[in-house]
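Here is a short note for someone opening this structure for the first time. Please keep the view at hand while reading the points below.

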Amino acid sequence: MSKAEKSSTAKLALLVVAWYAGNTFYNIYNKNSTNMIHAHWFVAAAQLVVGIVWSISCWTLGIRKVPNLTGADIAKCIPIGLCSAGAHAGSVLASGVGAVSFAQIVKACEPVFAATVGIIIPPTDIKPPLAYMMLLVIIGGVGLACVKEGKGVEINVASFTYASIANLCAAFKGKLGGSTTKVLKADPAKNMDSANVYAVTNIISFCFTVPMVIIEEAPTLKQTWDEAVAEHGQYDLIKNIALSGFFFYIYNEFAFAFTAQVGAVTSSVLNTAKRVIIIVVSSVIFKEAMERNTVIGSAIAISGTFLYSMASKKAPAKEKKA
């Protein structure tokens, strides 16, 4: 292995470690925040604000080039930002009203939504038959994880619904955003590398989240905030929200950078492994019960997600002989 290859491998390894660590800490601080204050749309919006401050600081200080986008470019990014807002808020709300581990198990179903959207929304993306078979494995695993011994099927409906909304929005984001971001990143004059693509998406996402804060929580937000401060203290409340926003932003930046280097399939495989870490860590830190069916079901679902990612990998096209 050459020196350049070793350097590239080390860089990828560091990106994965930073991605995993950032995501794990995000889930911890996010759960702490939503436990402290029952204004989860507000928490989701506040997390995005931290990312916006980070991006503007980087542009102002010259650490990164400022995106050079036209009105038409921004308009093309709006659907991506809308889907990103839904995916983020759905995840925050799912963990807020239920166990982090359960939300992660349901989010393992994301390939089911992605495959469905890939068929419905043109251009049609048809996967190999084996990939679709793995979707049944994922669904079966999630179903088993919802069966409690001696109680039958037991689902936190609100958490399941929010996590499913996050999955659906993530699927549409992937479908709608792929071609748009590829074009923007291909034009050097627009300064849209992976970091800036995510920064712009984050800003648009915030703009779509704010109206939901106003509709759902604005009338009682001050009272809810005051109650949270009285119970937990202002410092701890602000600290957990700020840190959840910081780790949310940087883990996504590292994930975007890693995907740009290795491609979507490899990134999807490692994203699957990431869920295992989050489920284990959250179960320990938040003392979330993991019954036998939950452990087996989550293992099946996550394994199915891994196999789906591998089965979806398209073989390179064969060169035609002259």
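**Notes on the model**

1. Start with Gly245. Apart from neighbours within four places in sequence, Gly245 is in contact (heavy atoms within 4.5 Å) with Gln47 and Val50. Gly245 sits in helix α10. Helices here are DSSP runs of H or I with at least four residues, strands are runs of E with at least two, and both are numbered from the N terminus. Gly245 is buried, at 0% relative accessibility. Buried means under 20% relative accessible area, exposed means over 50%, and partly exposed lies in between (1.4 Å probe, protein chains only). Gly245 and Asn30 are 215 residues apart in sequence, yet their C-alpha atoms are 8.1 Å apart in space.

2. A word on the basis. This is a predicted model, in which local features need pLDDT of at least 70 and side-chain atom pairs count only at pLDDT 80 or more, while totals for chains, interfaces and linings use all residues. Residues are numbered from 1 along each chain as its sequence is written, and side-chain values use heavy atoms, with hydrogens and water left out.

3. Overall layout. The protein has twelve helices and two strands. From the N terminus, the order is α-α-α-α-α-α-β-β-α-α-α-α-α-α. The C-alpha trace spans about 75 × 55 × 40 Å along its principal axes. The radius of gyration is 20 Å, which agrees with the value near 20 Å for a compact globule of 322 residues. That radius is taken over C-alpha atoms, and the globule rule is 2.2 Å times the number of residues to the power 0.38.

4. Of the 322 residues, 44% count as buried. Among contacts with a separation of 6 or more, 86% join residues 24 or more positions apart. The accessible surface comes to about 16,200 Å², and 68% of it belongs to carbon and sulfur atoms. These areas come from the Shrake-Rupley method with a 1.4 Å probe; for residues, only the protein chains shown count as cover.

5. Which residues does Asn202 contact, beyond its neighbours within four places in sequence? They are Leu48, Gly51, Ile52, Phe248 and Tyr249. Asn202 is in helix α8 (residues 194–216). Asn202 is buried, at 2% relative accessibility.

6. Look at helix α4 (residues 100–107). Eight of its eight residues are buried, so α4 is largely enclosed by the rest of the structure. Among them are Gln104 and Lys107. By contrast, Ala75 in helix α3 is partly exposed, with a relative accessible area of 43%.

7. Salt bridges. The search finds six, each a side-chain nitrogen of Lys or Arg within 4 Å of a carboxyl oxygen of Asp or Glu. Asp73 and Lys190 form one, at 2.7 Å from N to O. Asp73 lies in helix α3 and Lys190 in the loop between α7 (157–186) and α8, so the pair ties together parts 117 residues apart in sequence. Both residues, Asp73 and Lys190, are buried.

8. Two further bridges. Glu110 pairs with Arg275 at 3.7 Å, N to O. Glu110 is in helix α5 (residues 110–120) and Arg275 in helix α11 (residues 264–285), 165 residues apart. Glu110 is partly exposed at 24% relative accessibility, whereas Arg275 is buried at 7%. Lys127 forms a salt bridge with Asp125, with the closest N and O atoms 3.1 Å apart.
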